[in-house]
Amino acid sequence: MKIIYMGTPDFAVKPLEKLIQSRHEIGYVVTQPDAVRDRGKKLKAPPVKELALSEGIEVLQPGKIREGDFIDRLKKYNPDLIVVVAYGKILPKEVLDIPKFGCINIHGSLLPRWRGAAPIQRAIMSGDEETGVTIMYLAEGMDTGDMIDKAYTTTAGKTSGQMHDELSFLGADLLMKCLDDIENGKVEATVQDDSLVTYAKMLTKEEGNLDFSKDSYILECEIRGLSPWPGAYTYFDDKLIKIWAATIVEDSKIIEKLNENVDGTITVYDKRLFIKTADGALELIEIQIPGKKRMLVKDFMVGNSKFFEKQ
(Lines give C-alpha, C1' and ligand atoms only; values in the text may rest on other atoms or scores of the structure.)
Protein backbone atom coordinates (compact mmCIF):
# COMPACT_ATOMS: atom_id res chain seq x y z
CA MET A 1 0.00 0.00 0.00
CA LYS A 2 0.96 3.64 -0.47
CA ILE A 3 1.12 5.12 3.03
CA ILE A 4 1.61 8.53 4.63
CA TYR A 5 2.89 8.36 8.21
CA MET A 6 2.11 11.09 10.74
CA GLY A 7 3.85 11.08 14.12
CA THR A 8 6.14 13.14 16.32
CA PRO A 9 7.56 11.80 19.64
CA ASP A 10 9.48 8.67 20.67
CA PHE A 11 6.24 6.69 20.96
CA ALA A 12 5.83 6.96 17.17
CA VAL A 13 9.35 5.80 16.28
CA LYS A 14 9.00 2.03 16.66
CA PRO A 15 5.85 1.80 14.47
CA LEU A 16 7.63 3.83 11.79
CA GLU A 17 10.64 1.50 11.99
CA LYS A 18 8.36 -1.49 11.44
CA LEU A 19 6.64 0.25 8.55
CA ILE A 20 9.99 1.08 6.90
CA GLN A 21 10.98 -2.60 7.14
CA SER A 22 7.70 -3.74 5.58
CA ARG A 23 6.76 -4.10 1.90
CA HIS A 24 4.63 -0.93 2.02
CA GLU A 25 5.61 2.39 0.39
CA ILE A 26 5.96 5.49 2.56
CA GLY A 27 5.36 8.60 0.47
CA TYR A 28 5.79 11.19 3.22
CA VAL A 29 6.45 11.34 6.92
CA VAL A 30 4.54 14.23 8.49
CA THR A 31 5.64 15.57 11.87
CA GLN A 32 5.50 18.67 14.03
CA PRO A 33 7.91 21.55 13.33
CA ASP A 34 11.31 21.50 15.03
CA ALA A 35 11.02 22.97 18.52
CA VAL A 36 13.28 24.49 21.16
CA ARG A 37 14.16 21.86 23.75
CA ASP A 38 16.85 21.27 26.36
CA ARG A 39 15.94 24.39 28.36
CA GLY A 40 15.72 26.65 25.34
CA LYS A 41 19.21 26.17 23.98
CA LYS A 42 18.49 25.30 20.34
CA LEU A 43 15.99 23.87 17.88
CA LYS A 44 15.72 20.11 17.88
CA ALA A 45 14.04 17.83 15.34
CA PRO A 46 11.27 15.45 16.47
CA PRO A 47 12.46 11.83 16.86
CA VAL A 48 10.25 10.71 13.96
CA LYS A 49 11.88 13.25 11.64
CA GLU A 50 15.35 12.06 12.56
CA LEU A 51 14.44 8.47 11.68
CA ALA A 52 12.71 9.41 8.43
CA LEU A 53 15.62 11.51 7.17
CA SER A 54 18.09 8.76 8.05
CA GLU A 55 16.06 6.46 5.77
CA GLY A 56 15.81 8.98 2.95
CA ILE A 57 12.06 9.61 3.36
CA GLU A 58 10.73 13.08 2.59
CA VAL A 59 9.48 14.91 5.70
CA LEU A 60 6.70 17.51 5.81
CA GLN A 61 6.37 19.79 8.86
CA PRO A 62 3.38 22.11 8.42
CA GLY A 63 2.80 24.60 11.21
CA LYS A 64 -0.89 24.41 10.40
CA ILE A 65 -2.67 21.66 8.49
CA ARG A 66 -4.25 24.07 6.01
CA GLU A 67 -1.16 26.19 5.37
CA GLY A 68 0.49 26.35 1.97
CA ASP A 69 0.13 23.38 -0.36
CA PHE A 70 0.28 20.70 2.36
CA ILE A 71 -3.15 19.16 1.74
CA ASP A 72 -2.66 19.37 -2.03
CA ARG A 73 0.58 17.38 -1.72
CA LEU A 74 -1.20 14.67 0.27
CA LYS A 75 -3.93 14.48 -2.37
CA LYS A 76 -1.42 14.36 -5.21
CA TYR A 77 0.38 11.40 -3.62
CA ASN A 78 -3.03 9.65 -3.49
CA PRO A 79 -2.29 7.37 -0.50
CA ASP A 80 -4.13 4.17 0.22
CA LEU A 81 -3.84 4.84 3.97
CA ILE A 82 -2.66 7.45 6.46
CA VAL A 83 -1.17 6.07 9.70
CA VAL A 84 -1.22 8.47 12.66
CA VAL A 85 0.73 7.88 15.89
CA ALA A 86 0.92 10.69 18.46
CA TYR A 87 1.12 13.33 15.73
CA GLY A 88 -0.16 16.13 17.95
CA LYS A 89 -2.71 17.79 15.67
CA ILE A 90 -6.38 17.15 14.94
CA LEU A 91 -6.88 16.19 11.30
CA PRO A 92 -9.79 17.91 9.50
CA LYS A 93 -12.32 15.94 7.46
CA GLU A 94 -10.61 17.16 4.28
CA VAL A 95 -7.54 15.10 5.23
CA LEU A 96 -9.46 12.16 6.70
CA ASP A 97 -11.24 11.70 3.38
CA ILE A 98 -8.06 11.56 1.24
CA PRO A 99 -6.90 7.92 1.60
CA LYS A 100 -8.67 5.03 -0.09
CA PHE A 101 -8.79 3.03 3.18
CA GLY A 102 -9.09 6.01 5.53
CA CYS A 103 -6.84 7.10 8.40
CA ILE A 104 -5.88 4.86 11.31
CA ASN A 105 -4.38 5.68 14.68
CA ILE A 106 -2.44 3.81 17.37
CA HIS A 107 -3.79 4.91 20.76
CA GLY A 108 -2.07 4.01 24.05
CA SER A 109 -5.06 2.57 25.91
CA LEU A 110 -7.86 0.04 25.64
CA LEU A 111 -10.52 2.30 24.19
CA PRO A 112 -13.06 3.57 25.02
CA ARG A 113 -11.24 3.76 28.36
CA TRP A 114 -8.79 6.67 28.55
CA ARG A 115 -9.42 8.79 25.53
CA GLY A 116 -7.26 11.90 25.51
CA ALA A 117 -3.78 13.20 26.19
CA ALA A 118 -2.32 10.97 28.93
CA PRO A 119 -3.80 7.47 28.60
CA ILE A 120 -0.71 5.56 29.71
CA GLN A 121 -0.26 7.56 32.91
CA ARG A 122 -3.95 7.62 33.82
CA ALA A 123 -4.34 3.86 33.43
CA ILE A 124 -1.51 3.21 35.90
CA MET A 125 -2.45 6.00 38.32
CA SER A 126 -6.05 4.79 38.52
CA GLY A 127 -5.01 1.27 39.44
CA ASP A 128 -6.05 -0.42 36.20
CA GLU A 129 -4.59 -3.91 36.26
CA GLU A 130 -4.62 -4.12 32.48
CA THR A 131 -3.97 -1.70 29.64
CA GLY A 132 -2.76 -1.87 26.06
CA VAL A 133 -3.06 -0.27 22.64
CA THR A 134 -6.00 0.19 20.30
CA ILE A 135 -5.76 0.64 16.55
CA MET A 136 -8.75 2.60 15.35
CA TYR A 137 -10.07 4.54 12.41
CA LEU A 138 -9.76 8.27 12.87
CA ALA A 139 -12.97 10.27 13.06
CA GLU A 140 -13.57 13.98 13.60
CA GLY A 141 -13.97 13.60 17.38
CA MET A 142 -11.19 13.02 19.95
CA ASP A 143 -10.37 9.27 19.89
CA THR A 144 -13.95 8.44 18.91
CA GLY A 145 -13.40 6.30 15.81
CA ASP A 146 -14.33 2.66 15.31
CA MET A 147 -11.83 0.15 16.75
CA ILE A 148 -9.94 -2.24 14.48
CA ASP A 149 -7.94 -4.31 16.98
CA LYS A 150 -6.34 -4.27 20.44
CA ALA A 151 -3.24 -5.65 22.18
CA TYR A 152 -3.20 -6.17 25.94
CA THR A 153 -0.64 -6.10 28.75
CA THR A 154 -0.56 -5.81 32.55
CA THR A 155 0.42 -2.71 34.51
CA ALA A 156 1.87 -4.55 37.53
CA GLY A 157 5.11 -3.01 38.76
CA LYS A 158 5.56 -0.83 35.67
CA THR A 159 6.17 2.91 35.55
CA SER A 160 4.64 5.10 32.87
CA GLY A 161 8.05 5.33 31.23
CA GLN A 162 8.36 1.55 31.02
CA MET A 163 4.78 1.18 29.83
CA HIS A 164 5.31 3.87 27.18
CA ASP A 165 8.13 1.83 25.63
CA GLU A 166 6.25 -1.45 25.89
CA LEU A 167 3.11 -0.05 24.26
CA SER A 168 5.15 1.47 21.44
CA PHE A 169 6.45 -2.00 20.60
CA LEU A 170 3.00 -3.57 21.01
CA GLY A 171 1.48 -0.94 18.75
CA ALA A 172 4.13 -1.47 16.09
CA ASP A 173 3.51 -5.21 15.94
CA LEU A 174 -0.25 -4.79 15.92
CA LEU A 175 0.01 -2.19 13.15
CA MET A 176 1.61 -4.73 10.82
CA LYS A 177 -1.25 -7.19 11.39
CA CYS A 178 -3.86 -4.48 10.86
CA LEU A 179 -2.27 -3.30 7.61
CA ASP A 180 -2.64 -6.80 6.17
CA ASP A 181 -6.25 -7.01 7.36
CA ILE A 182 -7.09 -3.59 5.89
CA GLU A 183 -5.50 -4.39 2.55
CA ASN A 184 -7.24 -7.76 2.36
CA GLY A 185 -10.65 -6.46 3.43
CA LYS A 186 -10.69 -8.51 6.65
CA VAL A 187 -11.35 -5.68 9.12
CA GLU A 188 -14.47 -5.94 11.27
CA ALA A 189 -14.36 -2.63 13.10
CA THR A 190 -16.20 -2.19 16.41
CA VAL A 191 -18.07 0.96 17.43
CA GLN A 192 -16.96 2.34 20.81
CA ASP A 193 -19.43 2.08 23.67
CA ASP A 194 -19.89 5.67 24.83
CA SER A 195 -21.16 4.51 28.22
CA LEU A 196 -17.66 3.16 29.00
CA VAL A 197 -15.72 6.29 28.03
CA THR A 198 -13.21 7.81 30.46
CA TYR A 199 -10.94 10.77 29.72
CA ALA A 200 -7.19 11.00 30.30
CA LYS A 201 -6.55 14.66 30.91
CA MET A 202 -3.03 16.03 30.57
CA LEU A 203 -0.80 15.72 33.63
CA THR A 204 0.26 18.75 35.66
CA LYS A 205 3.29 19.24 37.89
CA GLU A 206 0.95 19.80 40.84
CA GLU A 207 -0.40 16.25 40.56
CA GLY A 208 2.98 14.98 41.68
CA ASN A 209 2.22 16.22 45.23
CA LEU A 210 0.88 13.02 46.79
CA ASP A 211 -2.19 12.99 49.04
CA PHE A 212 -1.47 10.47 51.77
CA SER A 213 -5.07 10.39 52.95
CA LYS A 214 -5.49 7.90 50.08
CA ASP A 215 -5.01 4.14 50.42
CA SER A 216 -1.60 2.57 49.90
CA TYR A 217 -2.57 0.77 46.68
CA ILE A 218 -3.61 3.93 44.85
CA LEU A 219 -0.57 5.85 46.12
CA GLU A 220 1.79 3.14 44.89
CA CYS A 221 0.04 3.24 41.51
CA GLU A 222 0.33 7.04 41.39
CA ILE A 223 4.06 6.90 42.15
CA ARG A 224 4.58 4.57 39.18
CA GLY A 225 2.18 6.49 36.95
CA LEU A 226 3.90 9.81 37.65
CA SER A 227 7.33 8.45 36.67
CA PRO A 228 9.23 9.84 34.85
CA TRP A 229 7.18 13.06 34.68
CA PRO A 230 6.30 15.02 36.74
CA GLY A 231 7.52 12.64 39.43
CA ALA A 232 5.76 11.96 42.72
CA TYR A 233 6.81 14.04 45.71
CA THR A 234 6.04 15.04 49.27
CA TYR A 235 7.57 17.39 51.82
CA PHE A 236 9.67 16.77 54.91
CA ASP A 237 10.51 19.75 57.09
CA ASP A 238 9.69 22.04 54.14
CA LYS A 239 12.06 20.12 51.85
CA LEU A 240 10.67 18.56 48.68
CA ILE A 241 11.31 14.81 48.57
CA LYS A 242 10.85 13.00 45.25
CA ILE A 243 9.54 9.44 45.58
CA TRP A 244 10.54 7.28 42.63
CA ALA A 245 9.60 3.86 43.97
CA ALA A 246 7.69 2.47 46.93
CA THR A 247 6.04 -0.78 48.02
CA ILE A 248 2.98 -1.48 50.11
CA VAL A 249 3.81 -2.56 53.67
CA GLU A 250 2.30 -5.92 54.61
CA ASP A 251 4.01 -6.30 58.02
CA SER A 252 1.33 -5.68 60.66
CA LYS A 253 3.94 -4.81 63.31
CA ILE A 254 5.30 -1.94 61.20
CA ILE A 255 1.80 -0.71 60.38
CA GLU A 256 0.86 -0.77 64.07
CA LYS A 257 3.99 1.18 64.91
CA LEU A 258 3.05 3.89 62.41
CA ASN A 259 -0.66 4.04 63.21
CA GLU A 260 -0.31 6.93 65.66
CA ASN A 261 1.32 9.11 62.98
CA VAL A 262 -0.51 11.62 60.83
CA ASP A 263 -1.01 10.52 57.21
CA GLY A 264 2.09 11.46 55.20
CA THR A 265 4.53 11.23 58.14
CA ILE A 266 7.92 9.83 57.13
CA THR A 267 9.42 7.49 59.72
CA VAL A 268 12.89 5.92 59.91
CA TYR A 269 12.69 2.36 61.23
CA ASP A 270 15.42 -0.28 61.11
CA LYS A 271 17.39 1.80 58.57
CA ARG A 272 14.35 1.87 56.27
CA LEU A 273 11.93 4.66 55.38
CA PHE A 274 8.16 4.38 55.79
CA ILE A 275 5.33 6.81 55.18
CA LYS A 276 1.88 6.63 56.76
CA THR A 277 -1.15 6.25 54.48
CA ALA A 278 -4.90 6.13 55.09
CA ASP A 279 -5.02 2.35 55.39
CA GLY A 280 -1.45 1.45 56.36
CA ALA A 281 1.95 2.43 55.07
CA LEU A 282 4.34 2.50 52.13
CA GLU A 283 8.01 1.66 52.31
CA LEU A 284 10.08 4.10 50.26
CA ILE A 285 12.48 2.27 47.96
CA GLU A 286 13.99 5.03 45.82
CA ILE A 287 14.00 8.74 46.64
CA GLN A 288 15.66 12.01 45.72
CA ILE A 289 16.40 14.89 48.09
CA PRO A 290 17.11 18.49 47.00
CA GLY A 291 20.42 18.90 45.20
CA LYS A 292 21.09 15.16 44.97
CA LYS A 293 20.60 12.40 42.42
CA ARG A 294 17.90 9.76 42.91
CA MET A 295 19.11 6.91 45.12
CA LEU A 296 17.93 3.63 46.53
CA VAL A 297 16.97 4.18 50.16
CA LYS A 298 19.34 1.42 51.31
CA ASP A 299 22.23 3.40 49.78
CA PHE A 300 20.90 6.77 50.88
CA MET A 301 20.70 5.70 54.52
CA VAL A 302 24.38 4.76 54.65
CA GLY A 303 25.55 8.38 54.78
CA ASN A 304 22.33 10.33 55.29
CA SER A 305 20.56 8.60 58.17
CA LYS A 306 20.05 11.90 60.03
CA PHE A 307 18.39 13.71 57.12
CA PHE A 308 14.92 12.64 58.21
CA GLU A 309 15.34 13.93 61.76
CA LYS A 310 13.36 17.11 62.39
CA GLN A 311 15.60 20.16 62.14
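Guide: Let's start at proline 228, which sits in the loop between α7 (216-225) and β12 (232-236). Those labels come from DSSP runs numbered from the N terminus: helices are H or I with at least four residues, and strands are E with at least two. This is a predicted model, so local features are given only where pLDDT is at least 70 and side-chain atom pairs only at pLDDT 80 or more, while totals for chains, interfaces and linings use all residues. Residues are numbered from 1 along each chain as its sequence is written, and side-chain values use heavy atoms, without hydrogens or water.

The peptide bond from serine 227 to proline 228 is cis, with omega near 15°. Follow the chain on to proline 230, which is also found in the loop between α7 and β12. Here the peptide bond from tryptophan 229 to proline 230 is cis, and its omega is near 0°.

Aspartate 143 is not a glycine, yet its phi is positive, at about 60°.

Another loop, the one between α6 and β11 (199-200), holds threonine 198. Setting aside neighbours within four places in sequence, threonine 198 is in contact (heavy atoms within 4.5 Å) with Pro112, Arg113, Trp114 and Arg115. Tryptophan 114 gives us a detail to zoom in on: its backbone nitrogen lies 2.8 Å from a polar atom of the threonine 198 side chain.

Our walk can end with the helix α6 and its partner α1 (residues 13-21), whose axes come within 8 Å and cross at roughly 35°. Each axis is a line fitted to C-alpha atoms over the stretch in contact, and angles run from 0 to 180 degrees between N-to-C directions. On the α1 side you will find Lys14, Pro15, Lys18 and Leu19. Facing them from α6 are Ser168, Phe169, Ala172, Asp173, Leu175, Met176 and Leu179. By class, the residues of this contact are seven nonpolar, one polar and three charged. In this scheme Ala, Val, Leu, Ile, Met, Phe, Trp, Tyr, Cys and Pro are nonpolar, Asp, Glu, Lys and Arg are charged, and the others, Gly among them, are polar.

Notes: Polar contact = N/O pair within 3.5 Å; in protein donor to acceptor, adjacent residues only side chain to side chain.
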